Amino acid sequence: MLYRETGQFKTSYSADQAIFPIFQDRMFILGWLIVAFIAVPLMASEYWFQIILIPFLVFSLATLGLNILVGYCGQISLGTGGFMAVGAFSAYKLATNVPELNIIFVILISGLITALVGILFGLPSLRIKGFYLAVATLAAQFFLIWMFNKFGWFVNYSPSGSIAIPPMEIFGVMVTSAKADPVARYYLALGFTVVLALLAKNLVRGPTGRAWMAIRDMDIAAEIIGIKPLATKLKAFAVSSFFIGVAGALYFSAWSGTAESDAFDINLSFNILFMVIIGGLGSVVGSFMGAAFIVLLPIFLTNLFVGELGFSALTAKHLEITIFGALIIFFLAVEPHGLARMWQVTKEKLRIWPFPH
Amino acid sequence: MKLSKFLLGTASALALSGSLVVTDMAVAQEILVPSLVYRTGAYAPNGVPLANGIADYFALLNARDGGIGGVKIKVEECETGYKTPVGVECYEALKAKGAVAFSPFSTGITYQLIPKATQDKIPIFSMGYGRTSAADGSVFKWVFNFPTTYWSQASAVIKYFGDRAGGMDKLKGKKIVHIYHNSAYGKEANPTLEILAKKLGFNLTLLAVDHPGQEQKSTWLQVRRIKPDYIFMSGWGVMNQVAIKEAASINFPMENFLGNWWSGTESDTIPGGAGANGYTSTNFHSVGANFSALNDIKKYVYDAGNGAGKKERIGEVLYNRGIVNSVFVAEAIRVAQKKFGVKQVTGEQVRYGFENLNMDAARWKELGLGGFMGNVKVTCKDHEGGGGVVFIQKWDASGKKWDRVGSAKGYTPMRDVVRPLVEADAAAFAKENGITPRDCS
Amino acid sequence: MEMLNAVFVAPFVDMFTYPAFFVEVLLGGLTAGVMYSLVALGFVLIFKASGVFNFAQGVLALFAALTLVGLMTGTIPFSQNSMSALALPIWLAVIATGGVMVGLAYAIERVVLRPLVNQEEIIMFMSTIGLAFVLEGVGDMMWGSDVKALDVGIPSGSFEVNGVLVQVFDLWAAGIAAVMVAFLAVFFQKTKIGRALRAVADDHQAALSVGIPLKTIWVAVWSVAGLVALVAGIMWGSKSGVQFSLSLIALKALPVLILGGFTSIPGAIIGGLIIGVGEKVAEVYWGPLVNGAIENWFAYVLALLFLMFRPQGLFGEKIIERI
Amino acid sequence: MSAVENPRQISGEVLLNVEDISLSFGGVKAIRGVSFNILKGEIRAIIGPNGAGKTSMLNVINGFYHPQEGKITYKGETRSKMRSHVAAKQGIARTFQNVALFKGMSTLDNLMTGRLLKQREGILQQTVDMLLHAVYLGPAKRQEVVERKVVEEIIDFLEIEAIRKTPVGRLPYGLQKRVELGRAIAMEPELLLLDEPMAGMNLEEKGDMSRFIIDLNDQYGTTIALIEHDMGVVMDLSDRVVVLNYGEKIADGTPNEVSANQDVIDAYLGVS
């Protein structure tokens, strides 16, 4: 009976409405925060930061953003890559043209710019639904990538169209570019991810989230009880794009350091959608799980095949692609509600553990 | 639940393999040469022969000479699928194992690695691709792009067109179209071409083709309308095959259609069948297997059953390019060993090796590659190694082989035009990134 | 003013001044559109009968083309370096590949669709992306990743009519597409299984209640879609050689789908033609204003514009909302 | 919820008046020239055989369908076209024949969605409110507690305390209907439209539901229009009844008047 709610009585509505009303959940989150903020930086190697930890944080944030749109509001989007590109290129323009601006504001403003773009491309959602909307969001994907590729202004007229983040500091500590310590870049990504995840959790359990879920579960009924469909959907597009934009800005500033428009192609959009689905639609914690799974699985398979079993890089890659695809099908068949649901089932089991019922 | 067990297994195996990366560093009685390859994905047809050439040359050195300076070379392939983030992942993994030099074979990956490698003190050798202005060694200390660059190539191409027109002055008023892959790579040649258009008075039209380039109807409709005298193409992958087919089907004269050195391989022309006959492309090295080093590969590597690919594909354009890449890396290691008197060289020492390479005709001959390509002399200032020589090759569809055409000595780039551009771009990069150019005098 | 002129006047003047070229652009658009329709048809078939948005359609085309080339050249699967003596003639190779596609449909039904039956649309959609990965990996392993020339004897070359260049290959493509649509029409109208498929498309419950097993229907429709993919693979593969990029043609078919409607076969054809003509005209006449390469996103924007007026696509069934 | 001073008083003031409403889908006429009114404070029943156009009539009233002809006057304001969320804002709430709850959410959250229309209007205010809720501090937190109290009152009223945190998808049908009523009550409507609130219920559940409807009308003065097939319920609950058949109004009056009407008897017995 490790996970017990019994005995935890709430004496006020505000206690019942706290962000993590159950004691064990609070401890769980606290534990993870300690690990993330203290243990990991002490132990991880540069390889871990660069290949696993920072991309995990960046993709978690993007997944969370897309989950708000798809999982909470029920609007499928395949334009995530394009929106991340908006975040990344905004960050580049801000960082190079307004060098006195602190990197924190650079990233936040990049998110806001992405939110505006998201609203613009969310407008068709009033009339277009389901897969028609999904394919229509590809218009955003292709148009945005084309735009960044085509107009020299976005890349400060660099002949190759490639952008690089200048070294930037927070309180005298360098946090961007290859000159920065990976730990510093990790903290930058971690800070944004943790704060935004908490904000997202609050949003989805509040009135905004309820309006989103109402639209998702039954848009007609939602409108009849007074929820404005367009305004609600656009809010979802805005918030979702803000998160994705911040993720794009972090992708560029905290993780890769350089980028070109191609990096944000449609494959990235699909990958993030995978993270959402595997993690669990409509789950904040699932977004993290999904991102972890999709980031780790290929690395794990490569290490397994090449490192342990000694396959050639080619065979390993072929097997990796095949197994990745097969695992996704397997997963969707076994638990279509994703890792978050599996986690919930585990929690329910723990509630009565060690008794089977 | 079975799934949770699986996940648990996954997690523990992952932790295991993560730790392996670290332990591998200790066991190194060989020099680790990483090879970022793409044997899968949209660009695999190009990536496979490249990777085979790279692997086979080091296999030859190991089998015939016992490695370099008595140390075996370990080539470790890492599959990128031509995807930039995966390339970076490969870089980090192989860096942790002690790799001495990287050749990314992707302009996108090269751009990503330049700042990282500079920080990590590992040389990047992007042979004929990547960032052109890295030719300025005073700014890009850790990046080498000899024997020649896209900008040099573009200027040599214009020289060749001038040659065909019967003199550079005859180019005035001629119509030249540049069809390019709409990516960092494809765009590299544009500024040079624009400057030359202004200088020499030809009409230049730039036509972009988006990745992957399956469908190019509108591009070729525009070609139909412009009726260019010459077409220059910077294509990659399926774009090349489709372009050659389209050109053939609108009856564009193939000998006036010139691909750059990434747009002139067997896999570009063979699918075009007889229609591809006469198509030309640039190159900076020879094709064919008629060199003693390549014969040695057949003897020491393939006959022992250790070849990376098919024996009959030795001598293909991209295979030979892989060979060239390995020759340069091997020579840089050799120079470094001699200079520092060690067998086990570091990335920093190999950088010295690259910067002090002097590949003259005699050295090529010693290597069993006499006449394989032009001379290369790298200096602190000039990481392009003198600008190189660009050859023109023409496809013979019936014989399925490339023949050299145009000037037998090849075409040298217009250094007077290109070099100032390189230095200006490098200076801008230095300024934006707070780099003080080092003193090369 | 100059800008307005360049956008709203000059391109039209251009079209009327050089009508022969304009006709050529239209022709180019139509023929490109036919090629898109070939791919879109496969999507429509599967969506219509099972409600699955099959993203693996492009990879199916690649897989079919790879298999065909492999059989034609007598390559032994999984050992790309060795050739057997058994190189099949074209007609036999095509039939054998058709058989492989039917077998594949059977396997897909068994392994992918059956465990996922009654799942939400998005789950089914994502699982077909998973399927695309599997086929991509297996196809590569079986047949190797180099470019393979595919020549099934479709003539190339071109001729001019009143200054308009006509490509022979394009005419063949249009002809083959027409034959295929006719074949599909006959299949749906005249055969028992075809009628069953139509019944399912109209009403799942009703079809099941008259005793058509869902399993049979899914195998049938995926088989037909597999054969359509084979045709698409042959046509596209003849143009560019058979290689991985072939799978990316799916992206060209998506705007066609939303424009024509996910459930309409005529929609896939007409949608393809509209997209083809629209993007070519836009690229040739307006592209140069912004340095070109606009056609990829333009196709989607064009489809989006149509959707704003008909959210279910041009030929899709009208959505009546009930509560 | 605030109780009206003088409950159960039908003032004779017309709350809603529909006039000559016609509605068709394609060629099918669902409603033909129907007129009737609903007085403030009354319980008005709409009855008729299947396919008579009853649900369509409710859909017209709350703006989900737009009639081709006729006009609707609500609280003295005549309108031709209105989006349903505007109708909700003006105080029209409803339940549905086939429960239209938000299946992925808990009972509590479903009821809380009924409170959403009490939010502040305007882009700026909405953005500010959203941000406040995101940080969950100050007014946002207080507001949540206030709304929660209102909803808890409704939960008490409907006696569904035990299923507060259960996802509604897992509830039995009868309870779902009750939750749906709760969601409509949470909107604090002036006019409540109930579409077959007792369909598929057993006798005991019907009794509960009837009690809730009467209490609602009695204590809070909510005007109610309901569609119901159970004639016993209709006779007991309603003040006046309007009868539709094939989209036309065939009778209108008190339960007793209507049940004596020959057209109504014919319609129900299938005599044409």
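Biologist: Is A:Asn156 buried, partly exposed or exposed?
Modeller: In this predicted model, A:Asn156 has 14 other C-beta atoms within 10 Å, so this residue is partly exposed.

Biologist: Where does A:Asn156 lie?
Modeller: A:Asn156 sits in the loop between helix 6 and strand 1 (162-164) of chain A. Its phi is positive, about 50 degrees, although the residue is not a glycine. Most residues other than glycine have a negative phi.

Biologist: And what about D:Glu188, what is its phi?
Modeller: The phi of D:Glu188 is positive, about 50 degrees, and D:Glu188 is not a glycine either. D:Glu188 belongs to the loop between helix 6 (173-186) and strand 7 (191-195) of chain D. With 19 other C-beta atoms within 10 Å, D:Glu188 is partly exposed.

Biologist: Changing topic, is the peptide bond from B:Phe146 to B:Pro147 cis or trans?
Modeller: That bond is cis, with omega near 5 degrees. B:Pro147 is in the loop between strand 4 (143-144) and helix 5 (150-165) of chain B. The bond from B:His211 to B:Pro212 is also cis, with omega near -5 degrees.

Biologist: How do helix 2 and helix 10 of chain C cross?
Modeller: Their axes come within 8 Å and cross at roughly 70 degrees, so the two helices are roughly perpendicular to each other. The crossing is right-handed. Among the residues making the contact are C:Tyr36 and C:Phe43 of helix 2 and C:Val256 and C:Leu257 of helix 10.

Biologist: How many residues does the contact take from chain A and from chain C?
Modeller: Chain A gives 32 residues and chain C gives 39 residues. On the side of chain A that touches chain C, 26 residues are nonpolar, three polar and three charged.

Note on methods: Residues are numbered from 1 along each chain as its sequence is written. Chains are lettered from A and ligands numbered from 1 in the order in which they are written. This is a predicted model: local features need pLDDT of at least 70, side-chain atom pairs count only at pLDDT 80 or more; totals for chains, interfaces and linings use all residues. Two residues are in contact if their C-beta atoms, placed from the backbone, lie within 7 Å. Ala, Val, Leu, Ile, Met, Phe, Trp, Tyr, Cys and Pro count as nonpolar, Asp, Glu, Lys and Arg as charged, and the others, Gly among them, as polar. Axes are lines fitted to C-alpha atoms, for helices over the stretch in contact, and angles run from 0 to 180 degrees between N-to-C directions. Helices (H or I, at least four residues) and strands (E, at least two) are DSSP runs, numbered from the N terminus. Angles under 35 degrees count as roughly parallel, over 145 as roughly antiparallel, 65 to 115 as roughly perpendicular and the rest as oblique. A crossing is left-handed if the near helix is turned anticlockwise from the far one by less than a right angle, and right-handed if clockwise. A residue is buried if 20 or more other C-beta atoms lie within 10 Å of its own, exposed if 12 or fewer, and partly exposed in between; C-beta atoms are placed from the backbone.
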